[in-house]
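Please find below a colleague's note on the model under review.

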Amino acid sequence: MVLDDYTLNRRKFLKTGMMSAGALAAAPVLKPFEDIFTSKEHIVSIVRIQFDRVDKAVEEAIDLLDGISRLTKHKQKIMLKPNLVFDSSDCTTKPAVIRTLAMLMKKAGKEVLIGEGSAAASGINADEQNVYRTQKADLLDRLQKQIFNKLGYTDIADELGIPLVNLHTGEMVTVDVPGAHHFKKLTLHKSLSEIDMLCSVPMMKTHVLATVTLGLKNVIGLYPGTAYCSVRSCVHAEAEEGGSKGVAFEIIDMARANKMGLTVIDGSMAMEGDGPSGGKLVKTDLIIAGTSPLAADMVASAIMGFEPNEIPHFNLAHESGMHPMSLDEIEIRGLQINDVRRPFERPHIIPFGQIKDFWGVKEV
């Protein structure tokens with residue numbers, strides 16, 4: 001099957017912003033949060049945003065999970081990981097979600113960081129025609145600073161006195177990946193080895209490679225560009241040659257190597273169709289929070305109209321023995337899936353092998 005079968009040519013693909021065909025990273029092998037994926041207890045909350053009060057909805061979603069103190073028990077240093085794939089507010093986690101979580105955690109006495117390794121920024125490694133790869137630290141520093149500034153994250157950090165971490169550059173560590181499907185070792189920013197929990201905070205979107213991009217797919221932004229290049233086309237090309245479908249190896253290997261915990265999905269404004277940055281915006285007015293990323297993602301994708309077995313990285317997770325295996329294993333609090341289900345326009349799925357010769361190939 002070729003791109004023309006999907007009415008997508010090279011120019012449209014580049015412009016619609018497969019800016020996030022990203023990458024992943026991991027944390028040191030300290031048996032990182034194996035309980036998150038093997039536990040049989042999974043709780044997800046669904047809350048409707050009323051009167052655009054995102055902060056209130058986030059607080060309610062956390063309260064339904066028994067509060068921030070329980071969710072962060074025995075965890076002092078926490079990194080919030082938004083999805084800031086590109087320097088546009090249309091396709092990125094809204095600052096209000098991160099701000100509210102940071103305030104709740106600081107109030108509970110936690111040390112909070114915000115970390116990201118974005119895929120692309122206009123005028124740096126993306127223009128009207130192309131998105132380029134780079135491993136140059138100076139460009140990656142400019143890229144991340146531009147995105148943090150433009151999307152309001154620098155303001156949050158200044159207001160709350162918390163650090164912003166550019167996961168692309170700085171001191172790195174190499175770690176083993178337990179139960180790896182392809183990446184037996186990963187290089188990642190040292191800060192990821194020093195936190196007690198990674199909190200994934202994605203925007204609710206569809207994705208032309210992965211079908212959906214939620215809490216698990218968000219770990220692609222942990223791959224440091226200095227090691228793997230940004231826009232991480234090199235990572236996807238390597239994994240695809242090893243048999244990865246729907247960028248599943250890249251996602252699950254990174255998730256297994258990280259200290260994942262709480263996941264909060266920003267559904268204030270979602271994206272359907274050919275996401276992650278070229279789809280249609282949908283005002284869904286939802287916050288979905290879960291005690292594990294797989295559980296939260298399964299609930300969110302069901303709300304979007306997808307069956308779990310339609311998502312390649314869910315299938316790989318289940319084949320790997322990760323739980324929950326089905327929606328029946330998840331306790332849902334607040335609203336129920338059927339209360340808020342809204343079938344999304346589906347993305348035109350493109351195997352990475354069909355774009356690897358032209359997308360993200362040129363160097364800046």
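1. Basis. This is a predicted model, in which local features need pLDDT of at least 70 and side-chain atom pairs count only at pLDDT 80 or more, while totals for chains, interfaces and linings use all residues. Residues are numbered from 1 along each chain as its sequence is written, and side-chain values use heavy atoms, with hydrogens and water left out.

2. The disulfide. With a disulfide defined as a pair of cysteine sulfur atoms within 2.5 Å, the count comes to one. The partners are C229 and C234, whose sulfur atoms lie 2.2 Å apart. The torsion about their S-S bond is about -125°, so the disulfide is left-handed.

3. Exposure of the two partners. Burial is judged by relative accessible area, with a 1.4 Å probe and protein chains only: buried is under 20%, exposed is over 50%, and partly exposed is in between. C229 is buried at 2%, whereas C234 is partly exposed at 23%.

4. Other cysteines. C91 is buried, with a relative accessible area of 1%. C199 also counts as buried, at 0% relative accessibility.

5. Positive phi values. C229 is not a glycine, yet its phi is positive, at about 80°. This residue sits in the loop between α9 (225-228) and α10 (233-241); helices here are DSSP runs of H or I with at least four residues, strands are runs of E with at least two, and both are numbered from the N terminus. D285, likewise a residue other than glycine, has a positive phi near 55°. D285 is found in the loop between β11 and β12 (286-290) and counts as buried at 16% relative accessibility.

6. Cis peptide bonds. G275 and P276 are joined by a cis peptide bond with omega of about 25°. P276 belongs to the loop between β10 (260-272) and β11 (280-282). A cis peptide bond also joins H323 and P324, with omega of about 5°. In this case the proline, P324, lies in the loop between α13 (312-319) and β13 (330-334).

7. Helix α11. This helix spans residues 248-256 and is mostly covered, with eight of its nine residues buried. Among the buried residues are F249, I251, I252 and M254, and also the acidic E250 and D253.
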